[in-house]
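Subject: Structure handover

Dear colleague,

I am passing on a structure that you have not worked with before, together with some notes on what came out of it.

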Amino acid sequence: MTDKMDDVDFSAVSLEQMNIGIEKYLEKKTGVCKVTLDERNPADRHAVLSWEQRNCCLLPEDLKSFYLTSNGFHFTWSVKLDNQTVPVGKMHINRVEQLLRLDISSDKLTHIQPSLADLDTDSDNDDPISGIEKPTFTGRNRIYELDFCDGYSKVCLVYKEAKAALLGSDDSSPDEFEFSIPDFARVSEPTVEIWFLDRALRWHFLAASFLEYYRLMLMHLGLPQWQYAFTDIGLSAQARQWFNMYAPIRLEVDGEITEMHPEKMPTGTSVVVSTLDVTKVFKSRADRKKQAGGAQNVGQAQQGGKKKPPVSSARSQGSLINRPSQASSLAGSGKGPK
C-alpha cells in the first residue's frame with residue numbers, strides 16, 4: 001500500500017487515486033460498514049494565497065498541492081457488532097480556512113487562565129523516539145492545527161524558524177554568511193514538520209513532511225488513537241485490539257520500535273493481546289442462537305441413536321435381594337404355606 005504513495009503529486013491525481021483505493025479495501029473487510037468519504041472541492045488559489053499572506057509564511061508544496069486538489073479531508077468507517085454500529089476509523093485534515101494557529105499568548109489571559117507558553121513545562125529538548133528537537137510555544141515556532149483528534153490530542157503543522165546570528169559575533173565566521181547582507185547573517189527557510197501534541201502538552205514527532213504524514217494516516221486506516229504508536233506512551237489496550245483485527249502489521253512495527261528503544265518506553269505498560277476470531281466476533285445473536293440450537297439438536301440425535309439398557313430401581317433390587325432370605329427364614333422356622 002505504501003509503495004503507491006512514494007511518488008504522489010496531489011495536483012495531478014484524482015481523489016480516488018489520492019486515497020489509493022482505501023475505501024474499496026475497507027469494504028472487503030469483515031464487519032466493516034458505513035465507509036464514508038466526504039468529497040470536497042479544491043480550495044481556491046486565492047484562499048491559499050490569503051492564508052499565506054495572513055500568516056506571513058508559505059505553505060509546504062505538498063500541503064499546498066493537497067489543498068488545491070481537495071480542501072480538507074474527512075473519511076470515516078464503522079463496525080457492526082451485535083446488530084449495533086460502532087464508529088471506529090476516522091481520518092481528518094482541516095480545511096485551509098480551519099488551519100488556525102494555536103494561540104500562545106493573549107492579553108485576556110491571567111494566572112487563573114494561563115497561556116500555552118506558560119504551561120510549556122516540558123524540560124526535554126529532544127523527542128525520546130526520534131531524537132529531533134521538540135517545538136516550543138514561543139515566538140520562534142509557528143504551530144498550526146491540522147487535526148483536533150476528537151479532543152484527545154492535536155496533530156500540528158510546526159514551522160521551526162532558524163536562529164539568526166549577527167555578523168561579527170564570536171561564534172560565527174565570515175565564510176558562513178552572505179556578504180550581500182552586511183548587517184545580518186544568512187537566515188535559512190523554516191523547517192516544516194508534523195508533530196503530535198498529547199493532553200499533557202508533550203510533543204511527539206510524527207513525520208518530516210505532510211506527504212509522509214498522509215501516507216501514515218492511510219496506512220493506519222484512521223484507527224482510534226493511532227498516533228500514540230509513535231510515542232513513548234504506546235497504544236491503549238482497546239486500540240491494540242482494533243489494530244490486532246484490522247492492522248496487525250502496525251503492531252509488529254510498534255514492537256520493533258519498542259525493542260529498539262527499550263529504555264525510552266514506560267515500564268509496566270505491557271498489554272496482553274488476545275487472539276480474536278473475527279468470524280465469531282461479527283456473528284449476530286440470531287446466528288449464535290441458530291448455531292447453539294443446531295448443536296443441541298445434534299446432541300439429542302446422537303443420544304437417541306444409542307439404546308441404554310433398562311436399569312431397575314433400588315427398591316426393586318432390594319426386594320429381589322430380600323426374597324431369598326425371607327424364604328429361608330420361613331423354611332427354618334417350619335412355617336410355610338399350608
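Helices here are DSSP runs of H or I with at least four residues, strands are runs of E with at least two, and both are numbered from the N terminus. Please keep in mind throughout that this is a predicted model.

With that numbering, helix 7 holds both Trp 242 and Tyr 246, which are four residues apart, or about one turn of the helix. Their rings form an aromatic pair of the stacked kind, with 6.4 Å from centre to centre and 20° between the planes. Trp 242 counts as buried at 12% relative accessibility, and Tyr 246 is buried as well, with a relative accessible area of 5%. In total the structure holds 16 aromatic pairs, and ring pairs also link Phe 66, Tyr 67, Phe 73, Phe 75, Phe 210 and Tyr 214 into a cluster.

Four strands make up an open sheet in the order 4-5-6-7, and their pairing is antiparallel. At its edges lie strand 4, residues 141-147, and strand 7, residues 203-207, each of which pairs on one side only. On average, neighbouring strands of this sheet are turned by 35° against each other, if direction is ignored. Strand 6, which covers residues 191-198, is joined to strand 7 by four bridges in the antiparallel sense, and Leu 197 has Trp 203 of strand 7 as its bridge partner. Helix 6, residues 210-219, packs on this sheet and touches strand 4, strand 5 (153-160), strand 6 and strand 7, while the direction of the helix makes about 90° with that of strand 7.

The structure also holds six salt bridges, and I would draw your attention to a few of them. One of these joins Lys 90 to Asp 150, with the closest N and O atoms 2.7 Å apart. This pair links distant parts of the chain, as Lys 90 belongs to strand 3 (residues 84-93) and Asp 150 to the loop between strand 4 and strand 5, 60 residues apart. Lys 90 counts as partly exposed, at 32% relative accessibility, whereas Asp 150 is exposed, with a relative accessible area of 55%.

As for accessibility, Arg 202 is partly exposed, with a relative accessible area of 25%, whereas Asp 198 is buried at 5% and Asp 232 counts as buried at 12%.

Note on methods: Residues numbered from 1 in each chain as written. Predicted model: local features only at pLDDT ≥ 70, side-chain atom pairs only at ≥ 80, totals over all residues. Heavy atoms only, no water. Pairing = 2+ DSSP bridges. Axes fitted to C-alpha atoms, helices over the stretch in contact; angles between N-to-C directions. Contact = heavy atoms within 4.5 Å. Salt bridge = Lys/Arg side-chain N within 4 Å of Asp/Glu carboxyl O. Buried < 20%, exposed > 50% of the residue type's maximum accessible area, 1.4 Å probe, protein only. Phe/Tyr/Trp six-rings, centres within 6.5 Å; stacked < 30°, edge-to-face > 60°.
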